[in-house]
Number of protein chains: 2
Amino acid sequence: MLPTSDDVALAARRLEGFAVKTPVIESPRLNALCGGRVLVKAECLQRTGSFKFRGAWNCISQLDAASAPGGVVAYSSGNHAQGVAAAAAIRGLPALIVMPADTPRIKQDNTRAHGAEVVTYDRATQSREAIAAAHAEARCAVLVPPFEHRDIIAGQGTAGLELAEEARLRGVTLDAVLVCCSGGGLTAGITLAMAAASPATRVHPVEPAGFDDYARSLASGRIEANAKPSGSICDALMSVSPGEMTFAINQHRVGEGLTVTDAEAAEAMRFAFAELKLVLEPGGAVALAAALHRRIGTQGRTIGVIASGGNCDADMFARVLRREI
Amino acid sequence: MLPTSDDVALAARRLEGFAVKTPVIESPRLNALCGGRVLVKAECLQRTGSFKFRGAWNCISQLDAASAPGGVVAYSSGNHAQGVAAAAAIRGLPALIVMPADTPRIKQDNTRAHGAEVVTYDRATQSREAIAAAHAEARCAVLVPPFEHRDIIAGQGTAGLELAEEARLRGVTLDAVLVCCSGGGLTAGITLAMAAASPATRVHPVEPAGFDDYARSLASGRIEANAKPSGSICDALMSVSPGEMTFAINQHRVGEGLTVTDAEAAEAMRFAFAELKLVLEPGGAVALAAALHRRIGTQGRTIGVIASGGNCDADMFARVLRREI
């Protein structure tokens with residue numbers, strides 16, 4: 001069953017005291033560059049360094065421990081992994097996470113630091129869903145998917161509720177919200193949040209160029225797939241296709257899907273470093289990149305930008321700062 | 001005349017709608033490392049990337065433009081420069097800033113970006129005070145000093161009021177606050193703020209090792225000077241001596257002065273990058289370094305840390321990330 005706007009509101013209550021109400025950051029220079037107002041929702045400051053803790057906690061906080069003696073299992077490119085590991089640790093549940101072998105080191109290390117067991121796989125040749133399902137069955141554990149789940153989508157939507165509330169406090173209405181998009185869970189959650197809290201706001205998913213399965217799916221009206229499983233610096237945004245649930249929510253409600261190049265994402269990371277003093281990972285910077293490069297009109301408008309995560313290896317960040325990327 | 005706690009409260013009202021109420025960030029890992037709670041006041045997210053906008057705005061917002069036809073003049077290692085330039089720009093006043101020639105590029109560029117004129121000098125051989133005074137007289141401008149001014153000290157103190165309020169909301173009392181310290185304006189302002197808002201809280205200035213004029217002055221009971229004008233990566237903390245006003249406020253109220261090495265400041269920058277997702281400059285990271293390295297007891301206590309600024313050149317930050325510093 002698909003989640004509703006009410007589920008997002010319920011999730012917000014469950015998250016109270018556990019998730020961070022992340023700040024909304026406004027930069028006079030960013031506003032000037034865009035000729036409007038840009039409200040950056042700094043989800044890199046969320047617990048575990050990305051928005052993913054929201055959905056993970058909304059899901060895992062509701063689990064009946066007795067029905068999951070083996071705890072939880074998840075597959076993830078790294079941010080959902082950390083969110084699930086942290087949420088499971090709070091509940092005292094064991095967690096096993098299936099991650100691509102080429103996941104940034106920081107994401108693997110942080111996942112283990114929360115006490116989770118990490119199993120790696122090869123993105124090109126193995127199915128993470130199959131590996132995770134086998135582990136879940138063997139351990140009598142509950143599988144916590146990264147986006148195809150009512151509670152996950154509703155949890156991610158709480159970031160949208162907070163952004164809409166902050167816009168209201170600042171006396172503005174968001175014309176659009178740009179959302180970093182992989183499987184579409186965050187986009188779907190924010191779409192549900194805006195439907196209730198800010199119905200005039202248009203949500204746009206943003207993807208790396210060449211990995212624009214969501215944009216093409218929205219354009220064609222059916223679920224499309226990326227040609228390659230990896231090959232962008234935006235490691236967090238490599239889902240092959242939109243989720244069926246997220247697409248059902250997004251298909252007729254969101255605006256056009258936008259794309260940015262890796263170079264534009266890197267430039268947005270440098271902008272966040274120099275102007276916002278925020279650490280963003282490549283996949284967490286694509287929405288900001290779309291605003292900076294005016295993929296939609298910003299003149300005279302108020303645009304929300306979800307800065308979705310900041311889990312970037314130090315070496316990658318140093319290369320970006322030195323313009324080697 | 002010395003500022004009082006009431007002046008800090010008045011400053012807070014003047015700052016409303018102009019300065020950012022910066023978030024207080026708590027990290028489960030930092031808490032675990034310290035065996036207590038650490039509340040990081042993220043002043044790197046303040047307008048202009050450091051707390052300095054607070055004092056600058058508190059001072060410049062009160063200026064009678066007719067009495068300063070030439071606008072404002074300031075001398076600064078870079079963060080006060082940006083604060084003054086931004087505050088003057090809001091008021092529509094011209095600004096001239098005297099900065100050391102070896103100031104990080106980002107600080108010079110940002111100061112010019114706010115429309116200010118920048119004049120450089122050699123830290124080793126020239127007096128910034130004399131140069132600034134001459135310019136102020138020639139231009140019929142008002143000199144806005146970096147710390148020896150009632151309105152500047154009171155303005156910086158507003159960061160302390162916000163931190164005390166946030167601690168109250170979280171149901172804790174701050175046992176101590178660690179403050180990055182150069183001339184002592186921020187330390188003095190926060191000392192005044194805590195006297196009113198959280199009298200049980202002990203304020204400790206933190207300086208780079210070898211540039212611990214404030215710690216030595218507190219120990220000896222008279223104003224001491226650093227042996228060298230520069231030589232630490234903490235470019236923002238190179239004042240030669242405590243200010244007379246700031247020392248008069250701090251001398252009998254603050255706790256022991258603490259010091260950290262450049263290597264410890266760099267490690268704190270890496271911690272802020274990896275765990276807090278914040279960009280800190282070296283001088284903005286010394287208070288966090290003092291907490292991480294337990295320069296005071298943290299076990300079972302609640303410690304405030306002022307992360308005072310984030311204006312770091314990309315090349316310096318990359319070197320820190322690569323452990324070249």
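This is a predicted model: local features need pLDDT of at least 70, side-chain atom pairs count only at pLDDT 80 or more; totals for chains, interfaces and linings use all residues.
1. Let's start with a helix pair in chain A: the axes of H4 (residues 79-91) and H5 (residues 105-113) come within 8 Å and cross at roughly 10°. Axes here are lines fitted to C-alpha atoms, for helices over the stretch in contact, with angles from 0 to 180 degrees between N-to-C directions. H4(A) and H5(A) are therefore roughly parallel to each other (angles under 35 degrees count as such).

2. Who touches whom? On the H4(A) side the contact uses A:Asn79, A:Ala81, A:Gln82 and A:Ala85, and on the H5(A) side A:Lys107, A:Asn110 and A:Thr111 (contact: C-beta atoms, placed from the backbone, within 7 Å).

3. Residues are numbered from 1 along each chain as its sequence is written, and chains are lettered from A and ligands numbered from 1 in the order in which they are written.

4. S10(B) is mostly covered, with 6 of its 6 residues buried (20 or more other C-beta atoms within 10 Å of a residue's own). B:Thr302, B:Gly304 and B:Ile306 point one way, and B:Ile303, B:Val305 and B:Ala307 the other.

5. What are its partners? S2(B) (residues 37-42) pairs with S10(B) in the parallel sense over 6 bridges (pairing takes at least two DSSP bridges), and B:Arg37 stands opposite B:Thr302. S7(B) (residues 176-180) also runs parallel to S10(B), joined by 3 bridges, with B:Leu178 opposite B:Val305.

Key: A residue is buried if 20 or more other C-beta atoms lie within 10 Å of its own, exposed if 12 or fewer, and partly exposed in between; C-beta atoms are placed from the backbone. Helices (H or I, at least four residues) and strands (E, at least two) are DSSP runs, numbered from the N terminus. Angles under 35 degrees count as roughly parallel, over 145 as roughly antiparallel, 65 to 115 as roughly perpendicular and the rest as oblique. Two residues are in contact if their C-beta atoms, placed from the backbone, lie within 7 Å.
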